[in-house]
Amino acid sequence: MDELVSCKRTDRPPCYSTSQGKGAVFVSRRISVYVVGMMVALLVSACNAATDHIQITREIFLENGIPAQPSALVQTLDGGYVVVGHIGSVKSAWATRVDRDGKVQWRHLVPTGSSRDDIQKPEYTSAAMLPDDSAILCGSEEIVEGTNSNIVGLLTHIDKAGHVISENLIYPNADKKYRLNYLDRCISFGDGVALFGRTTAVWGDTIPRNSKQFGWVVALDAQGKIKWEKLMSDPEPAGKIESLLSTSNHELVVANNGPRPMPATDRKSVV
(Lines give C-alpha, C1' and ligand atoms only; values in the text may rest on other atoms or scores of the structure.)
Protein backbone atom coordinates (compact mmCIF):
# COMPACT_ATOMS: atom_id res chain seq x y z
CA MET A 1 0.00 0.00 0.00
CA ASP A 2 2.97 2.34 0.36
CA GLU A 3 2.84 3.55 -3.22
CA LEU A 4 -0.71 4.84 -2.74
CA VAL A 5 0.08 7.40 -0.05
CA SER A 6 2.87 9.98 -0.01
CA CYS A 7 3.92 13.18 1.69
CA LYS A 8 6.21 15.92 0.44
CA ARG A 9 9.89 15.80 1.31
CA THR A 10 10.76 18.31 4.04
CA ASP A 11 13.84 19.18 6.09
CA ARG A 12 12.37 17.08 8.90
CA PRO A 13 13.48 13.46 9.07
CA PRO A 14 10.86 11.11 7.65
CA CYS A 15 8.97 8.93 10.10
CA TYR A 16 9.28 5.16 9.51
CA SER A 17 10.10 5.64 5.82
CA THR A 18 10.04 2.50 3.70
CA SER A 19 11.14 3.78 0.32
CA GLN A 20 12.11 7.10 -1.19
CA GLY A 21 11.63 8.45 -4.68
CA LYS A 22 12.06 11.79 -6.39
CA GLY A 23 10.24 14.46 -4.44
CA ALA A 24 8.43 12.07 -2.09
CA VAL A 25 8.85 10.03 1.03
CA PHE A 26 6.60 6.99 1.38
CA VAL A 27 5.64 6.17 4.95
CA SER A 28 4.09 3.03 6.33
CA ARG A 29 3.47 3.57 10.04
CA ARG A 30 -0.21 3.13 10.90
CA ILE A 31 -1.50 3.23 7.35
CA SER A 32 -5.28 3.29 7.59
CA VAL A 33 -7.90 2.41 4.99
CA TYR A 34 -11.31 3.88 5.71
CA VAL A 35 -14.44 2.53 4.08
CA VAL A 36 -17.27 4.95 4.76
CA GLY A 37 -20.69 4.48 3.23
CA MET A 38 -20.20 4.55 -0.52
CA MET A 39 -16.53 5.41 -0.78
CA VAL A 40 -13.05 4.25 0.08
CA ALA A 41 -10.65 6.91 1.35
CA LEU A 42 -6.96 6.11 1.65
CA LEU A 43 -4.79 8.04 4.07
CA VAL A 44 -1.69 7.63 6.19
CA SER A 45 -1.07 8.62 9.81
CA ALA A 46 2.63 9.11 10.58
CA CYS A 47 4.43 10.90 13.44
CA ASN A 48 3.18 14.29 14.58
CA ALA A 49 6.10 16.06 12.91
CA ALA A 50 4.81 15.12 9.46
CA THR A 51 1.03 15.27 9.93
CA ASP A 52 0.71 18.72 8.36
CA HIS A 53 1.86 17.21 5.06
CA ILE A 54 -0.44 14.16 5.07
CA GLN A 55 -3.23 14.27 2.53
CA ILE A 56 -5.95 11.94 1.31
CA THR A 57 -4.72 10.80 -2.08
CA ARG A 58 -7.72 8.98 -3.47
CA GLU A 59 -11.45 8.43 -2.98
CA ILE A 60 -13.08 5.53 -4.79
CA PHE A 61 -16.85 5.66 -5.18
CA LEU A 62 -18.17 2.11 -5.30
CA GLU A 63 -21.94 2.68 -5.37
CA ASN A 64 -24.22 5.50 -6.44
CA GLY A 65 -27.49 6.19 -4.64
CA ILE A 66 -27.60 2.85 -2.79
CA PRO A 67 -26.77 2.61 0.95
CA ALA A 68 -23.72 0.36 1.23
CA GLN A 69 -22.37 -0.93 4.54
CA PRO A 70 -18.82 -2.26 4.14
CA SER A 71 -17.63 -4.77 6.75
CA ALA A 72 -14.12 -5.65 5.58
CA LEU A 73 -11.45 -4.90 3.00
CA VAL A 74 -8.57 -7.06 1.73
CA GLN A 75 -5.78 -6.23 -0.71
CA THR A 76 -5.56 -8.33 -3.87
CA LEU A 77 -2.30 -9.79 -5.18
CA ASP A 78 -2.19 -7.24 -8.02
CA GLY A 79 -2.47 -4.25 -5.66
CA GLY A 80 -6.22 -3.68 -5.82
CA TYR A 81 -8.87 -4.31 -3.18
CA VAL A 82 -11.93 -6.44 -2.48
CA VAL A 83 -14.54 -4.73 -0.28
CA VAL A 84 -17.37 -6.78 1.27
CA GLY A 85 -20.44 -6.10 3.38
CA HIS A 86 -24.12 -5.64 2.66
CA ILE A 87 -26.10 -3.18 0.59
CA GLY A 88 -29.63 -1.87 0.15
CA SER A 89 -32.59 -1.22 2.43
CA VAL A 90 -33.56 -4.87 1.87
CA LYS A 91 -30.22 -6.39 2.83
CA SER A 92 -28.14 -8.12 0.14
CA ALA A 93 -24.64 -9.55 0.57
CA TRP A 94 -22.31 -7.30 -1.44
CA ALA A 95 -18.73 -7.51 -2.71
CA THR A 96 -16.78 -5.29 -5.11
CA ARG A 97 -13.25 -5.59 -6.52
CA VAL A 98 -11.26 -2.58 -7.74
CA ASP A 99 -7.82 -2.46 -9.32
CA ARG A 100 -4.92 -0.39 -7.95
CA ASP A 101 -6.18 2.65 -9.89
CA GLY A 102 -9.67 2.43 -8.36
CA LYS A 103 -11.44 1.03 -11.43
CA VAL A 104 -14.22 -1.40 -10.53
CA GLN A 105 -13.37 -4.89 -11.83
CA TRP A 106 -16.48 -6.73 -10.70
CA ARG A 107 -19.48 -6.52 -8.37
CA HIS A 108 -21.27 -9.46 -6.77
CA LEU A 109 -24.60 -9.52 -4.94
CA VAL A 110 -26.54 -12.20 -3.09
CA PRO A 111 -29.98 -10.57 -2.76
CA THR A 112 -32.66 -11.63 -0.30
CA GLY A 113 -34.67 -14.39 -1.97
CA SER A 114 -32.22 -14.59 -4.88
CA SER A 115 -31.99 -18.37 -5.24
CA ARG A 116 -34.56 -19.45 -2.63
CA ASP A 117 -37.57 -17.52 -1.37
CA ASP A 118 -36.74 -18.49 2.23
CA ILE A 119 -33.33 -16.78 2.22
CA GLN A 120 -33.26 -13.54 4.19
CA LYS A 121 -30.68 -10.91 5.21
CA PRO A 122 -27.52 -12.25 3.54
CA GLU A 123 -24.29 -10.38 4.28
CA TYR A 124 -20.55 -10.80 3.86
CA THR A 125 -18.38 -10.12 6.89
CA SER A 126 -14.85 -10.83 5.58
CA ALA A 127 -12.70 -11.79 2.59
CA ALA A 128 -9.32 -13.38 1.85
CA MET A 129 -7.25 -14.03 -1.27
CA LEU A 130 -6.04 -17.36 -2.65
CA PRO A 131 -2.68 -17.78 -4.48
CA ASP A 132 -4.37 -17.47 -7.92
CA ASP A 133 -5.73 -14.03 -6.89
CA SER A 134 -9.27 -15.36 -6.60
CA ALA A 135 -11.31 -14.22 -3.60
CA ILE A 136 -12.99 -16.14 -0.80
CA LEU A 137 -15.96 -14.25 0.68
CA CYS A 138 -17.55 -15.40 3.93
CA GLY A 139 -20.60 -14.35 5.90
CA SER A 140 -24.04 -15.62 6.84
CA GLU A 141 -27.69 -15.49 5.92
CA GLU A 142 -31.00 -16.43 7.46
CA ILE A 143 -33.18 -19.30 6.22
CA VAL A 144 -36.84 -19.02 7.22
CA GLU A 145 -38.72 -22.31 7.65
CA GLY A 146 -42.32 -21.70 8.67
CA THR A 147 -42.25 -19.95 12.04
CA ASN A 148 -38.62 -20.93 12.63
CA SER A 149 -35.41 -19.55 11.21
CA ASN A 150 -31.80 -20.73 11.06
CA ILE A 151 -28.61 -18.78 10.39
CA VAL A 152 -26.26 -20.55 7.97
CA GLY A 153 -22.73 -19.81 6.80
CA LEU A 154 -22.39 -18.17 3.38
CA LEU A 155 -19.22 -19.07 1.46
CA THR A 156 -18.45 -17.69 -2.02
CA HIS A 157 -15.40 -18.24 -4.26
CA ILE A 158 -14.95 -15.72 -7.10
CA ASP A 159 -12.12 -15.69 -9.63
CA LYS A 160 -10.08 -12.63 -10.60
CA ALA A 161 -12.39 -11.85 -13.52
CA GLY A 162 -15.52 -11.95 -11.34
CA HIS A 163 -16.85 -15.39 -12.29
CA VAL A 164 -18.45 -17.28 -9.41
CA ILE A 165 -16.59 -20.57 -8.96
CA SER A 166 -18.79 -21.75 -6.10
CA GLU A 167 -21.36 -20.37 -3.69
CA ASN A 168 -22.63 -22.51 -0.83
CA LEU A 169 -24.60 -22.40 2.39
CA ILE A 170 -22.65 -24.39 4.96
CA TYR A 171 -23.29 -25.98 8.34
CA PRO A 172 -20.54 -27.29 10.65
CA ASN A 173 -19.68 -30.78 9.39
CA ALA A 174 -22.78 -30.55 7.14
CA ASP A 175 -24.95 -31.17 10.23
CA LYS A 176 -28.20 -29.20 10.39
CA LYS A 177 -28.54 -29.58 14.13
CA TYR A 178 -26.33 -26.49 14.23
CA ARG A 179 -28.94 -23.76 13.99
CA LEU A 180 -27.07 -20.45 14.41
CA ASN A 181 -23.96 -20.43 12.21
CA TYR A 182 -21.86 -17.32 11.66
CA LEU A 183 -18.66 -17.03 9.62
CA ASP A 184 -17.13 -13.88 11.09
CA ARG A 185 -13.70 -13.68 9.46
CA CYS A 186 -11.42 -15.34 6.91
CA ILE A 187 -7.63 -15.05 6.62
CA SER A 188 -4.90 -16.50 4.41
CA PHE A 189 -3.59 -19.79 5.82
CA GLY A 190 -0.77 -21.66 4.06
CA ASP A 191 -1.80 -21.94 0.40
CA GLY A 192 -5.48 -21.68 1.35
CA VAL A 193 -7.79 -19.79 3.68
CA ALA A 194 -8.96 -20.26 7.28
CA LEU A 195 -12.49 -19.20 8.27
CA PHE A 196 -13.60 -18.70 11.83
CA GLY A 197 -16.91 -17.99 13.47
CA ARG A 198 -19.41 -19.45 15.94
CA THR A 199 -22.26 -21.91 15.98
CA THR A 200 -25.00 -23.21 18.28
CA ALA A 201 -26.19 -26.82 18.30
CA VAL A 202 -29.85 -27.33 19.23
CA TRP A 203 -31.48 -30.71 19.92
CA GLY A 204 -34.33 -32.43 21.71
CA ASP A 205 -38.09 -31.87 21.87
CA THR A 206 -38.29 -30.15 25.26
CA ILE A 207 -39.06 -26.46 25.66
CA PRO A 208 -36.64 -24.78 25.99
CA ARG A 209 -34.52 -27.04 23.81
CA ASN A 210 -31.05 -28.20 24.73
CA SER A 211 -28.29 -26.11 23.16
CA LYS A 212 -24.52 -25.70 23.21
CA GLN A 213 -22.27 -23.05 21.71
CA PHE A 214 -19.01 -23.66 19.89
CA GLY A 215 -16.26 -21.77 18.18
CA TRP A 216 -16.07 -22.86 14.51
CA VAL A 217 -12.89 -23.02 12.41
CA VAL A 218 -12.82 -24.14 8.75
CA ALA A 219 -9.71 -24.61 6.58
CA LEU A 220 -9.92 -24.32 2.79
CA ASP A 221 -7.33 -25.55 0.28
CA ALA A 222 -5.85 -23.57 -2.62
CA GLN A 223 -8.93 -24.36 -4.73
CA GLY A 224 -11.31 -23.08 -2.07
CA LYS A 225 -12.50 -26.56 -1.04
CA ILE A 226 -13.04 -27.49 2.61
CA LYS A 227 -10.08 -29.50 3.99
CA TRP A 228 -11.14 -29.79 7.62
CA GLU A 229 -13.35 -28.27 10.30
CA LYS A 230 -12.94 -27.94 14.04
CA LEU A 231 -15.46 -27.10 16.75
CA MET A 232 -14.09 -25.75 20.02
CA SER A 233 -15.94 -25.54 23.31
CA ASP A 234 -15.29 -24.78 26.96
CA PRO A 235 -17.14 -26.27 29.95
CA GLU A 236 -19.35 -23.21 29.64
CA PRO A 237 -20.51 -21.54 26.38
CA ALA A 238 -17.55 -20.99 24.09
CA GLY A 239 -18.32 -17.40 23.22
CA LYS A 240 -17.26 -15.61 20.08
CA ILE A 241 -13.80 -16.28 18.63
CA GLU A 242 -12.20 -12.85 18.82
CA SER A 243 -9.05 -13.40 16.77
CA LEU A 244 -7.33 -15.95 14.57
CA LEU A 245 -3.64 -15.78 13.63
CA SER A 246 -1.85 -17.82 10.96
CA THR A 247 1.80 -18.39 11.92
CA SER A 248 4.82 -18.91 9.66
CA ASN A 249 4.91 -22.63 10.51
CA HIS A 250 1.28 -23.11 9.36
CA GLU A 251 -0.34 -23.16 12.78
CA LEU A 252 -3.54 -21.36 13.74
CA VAL A 253 -3.63 -19.48 17.04
CA VAL A 254 -7.15 -18.77 18.29
CA ALA A 255 -8.32 -16.35 20.98
CA ASN A 256 -11.89 -16.29 22.28
CA ASN A 257 -13.84 -14.85 25.19
CA GLY A 258 -15.50 -17.97 26.51
CA PRO A 259 -15.36 -18.46 30.31
CA ARG A 260 -13.28 -21.33 31.64
CA PRO A 261 -14.04 -22.02 35.32
CA MET A 262 -10.96 -22.80 37.43
CA PRO A 263 -10.68 -24.57 40.79
CA ALA A 264 -10.66 -22.17 43.73
CA THR A 265 -7.26 -23.53 44.80
CA ASP A 266 -5.68 -22.80 41.40
CA ARG A 267 -6.85 -19.36 40.31
CA LYS A 268 -4.20 -17.91 38.00
CA SER A 269 -4.08 -15.58 35.06
CA VAL A 270 -4.71 -17.47 31.81
CA VAL A 271 -3.05 -16.24 28.60
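## Basis and overall make-up

Strands (E, at least two residues) and helices (H or I, at least four) are DSSP runs, numbered from the N terminus. This is a predicted model, in which local features need pLDDT of at least 70 and side-chain atom pairs count only at pLDDT 80 or more, while totals for chains, interfaces and linings use all residues. Residues are numbered from 1 along each chain as its sequence is written, and side-chain values use heavy atoms, with hydrogens and water left out.

The protein chain contains 20 strands and zero helices. Of its 271 residues, 40% count as buried, where buried means under 20% relative accessible area, exposed over 50% and partly exposed in between (1.4 Å probe, protein chains only). The accessible surface of the chain comes to about 14,600 Å², and carbon and sulfur atoms account for 50% of that area; such areas come from the Shrake-Rupley method with a 1.4 Å probe, and for residues only the protein chains shown count as cover. Among contacts (heavy atoms within 4.5 Å) between residues at least 6 apart in sequence, 42% join residues at least 24 apart.

## Leu252

Leu252 lies in strand 20 (residues 252-256). With a relative accessible area of 22%, Leu252 is partly exposed. Setting aside residues up to four places away in sequence, Leu252 touches Phe189, Ala194, Val217, Trp228, Leu244, Leu245 and Ser246. Phe189 is 63 residues from Leu252 along the chain, and the C-alpha atoms of the two are separated by 8.1 Å.

## His157

His157 belongs to strand 13 (residues 148-158) and is buried, its relative accessible area being 4%. Beyond neighbours within four places in sequence, the contacts of His157 include Leu130, Ile136, Val164, Gln223 and Gly224. The side chain of His157 also reaches the backbone oxygen of Gln223 at 3.4 Å.

## Aromatic rings and charges

One aromatic pair is found in the whole structure; rings of Phe, Tyr and Trp (its six-membered ring) pair if their centres lie within 6.5 Å, with planes under 30 degrees apart counted as stacked, over 60 as edge-to-face and the rest as tilted. The rings of Tyr178 and Phe214 have centres 6.1 Å apart and planes at 75°, so the pair is edge-to-face. Because Tyr178 lies in strand 15 (residues 178-189) and Phe214 in strand 17 (residues 210-220), the pair ties together parts 36 residues apart in sequence. Both Tyr178 and Phe214 are buried.

The charged end of Lys212 sits over the ring of Phe214, 5.7 Å from its centre. The charged end of Arg198 sits over the ring of Tyr182, at 4.3 Å from the ring centre. A charge sits over a ring if NZ of Lys or CZ of Arg is within 6 Å of the ring centre and within 35 degrees of the ring normal.

Notes
Polar contact = N/O pair within 3.5 Å; in protein donor to acceptor, adjacent residues only side chain to side chain.
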